[in-house]
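Welcome! Please take a moment to look over the sequence and the structure below before reading on.

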Amino acid sequence: MKLRYSFSSRKTKKIENIGKQRKKYPEIAREVVGESDILLEVLDARFADEMRNKDLEEFAKSGGKKIIFVLNKSDLLKKPKKTKLKPSILVSVKTKKGISTLREILRIHTKKIKKSKVVVGVIGFPNTGKSSLINVLARSAKTKTSKQAGFTRGIQKIRLFENVVLLDTPGVISKDTYSTKREKFAIATIFGARSASDVRDPEVVVTTLFEKFKERLNKHYDIDANDSEEFLERLAESKKFLLKKGKKDTERAARKVLRDWQEGRIK
């Protein structure tokens, strides 16, 4: 089905009847890929390779679409990580690093497309900063943003250049990451694809996070723990997260760790 939408240079518009259609997010994303001439796949610079949606990439390539990999949150890296993704660019919507370069790259590639209107689709995991990226590219806050994963519910359309339009879509978790199994569920939460406030067993997720980043977590919270259980106990004690009879509230401590991680406080 061909997407239909109204356009305004001043206000963000949702695609007509998107609420009535009640499309699943992956289906909406595939429609956007189909309508786009160029795609920006926004990835967390810390986990760029792991966060790729290869299903959408293959679908895009089968339609001859150009994919540019945008590695956001580069401000959370101590030093740039090597990646085989081409073409790719490191950016930070927080510090505006790389935004001017990305805008110029888009100018170059869109000029090569001989159409009266060029559509650039923006895809990626939830909470990778897609809407924020569009805001800084367009130099104004034209899309709503939130730290809550899955905040963008429909498709939003923004004018970038005179004949270039950006499409913002809901974040989509790739098939091989979307799972209820402990390891994949934890990884999806660490990526920010699942909100810290929505996780039923935050301690389980922190266990996986601690296994991967033990030294970083200990250093950030000034704790010297050997395992996640000890880590959460000591964190709850230091933050005075207590239950009845002085029992340590390790669940609250775990949620704090996940929030700090997802909001970029832990570099």
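This is a predicted model: local features need pLDDT of at least 70, side-chain atom pairs count only at pLDDT 80 or more; totals for chains, interfaces and linings use all residues.

## A strand and its hairpin

Let us begin with strand β6, residues 156-161. Five of its six residues are buried, so β6 is largely enclosed by the rest of the structure. Strand β7 (residues 164-168) pairs with β6 in the antiparallel sense, over five bridges. With two residues between them, β6 and β7 form a hairpin.

## Aromatic rings

The whole structure holds five aromatic pairs. One of them is edge-to-face because the rings of F47 and F213 have their planes at 70°, with centres 6.5 Å apart. This pair links distant parts of the chain, 166 residues apart: F47 is in the loop between β2 and α3, while F213 is in helix α7. F47 counts as buried at 8% relative accessibility, whereas F213, at 27%, counts as partly exposed.

Another edge-to-face pair is Y221 with F231, at 5.9 Å between centres and 65° between planes. Y221 and F231 are both buried.

Ring pairs also join F47, F213 and W261 into a cluster. R46 lies over the face of W261, 5.1 Å from the ring centre.

## A glycine in a loop

Finally, look for G129 in the loop between β5 and α5. Its C-alpha atom is 8.5 Å from that of L43, although 86 residues separate the two along the chain. Beyond its neighbours within four places in sequence, G129 is in contact with N72 and V93.

Key. Residues are numbered from 1 along each chain as its sequence is written. Side-chain values use heavy atoms; hydrogens and water are left out. Helices (H or I, at least four residues) and strands (E, at least two) are DSSP runs, numbered from the N terminus. Contact means heavy atoms within 4.5 Å. Buried means under 20% relative accessible area, exposed over 50%, partly exposed in between (1.4 Å probe, protein chains only). Two strands pair if DSSP finds at least two bridges between them. Rings of Phe, Tyr and Trp (its six-membered ring) pair if their centres lie within 6.5 Å; planes under 30 degrees apart count as stacked, over 60 as edge-to-face and the rest as tilted. A charge sits over a ring if NZ of Lys or CZ of Arg is within 6 Å of the ring centre and within 35 degrees of the ring normal.
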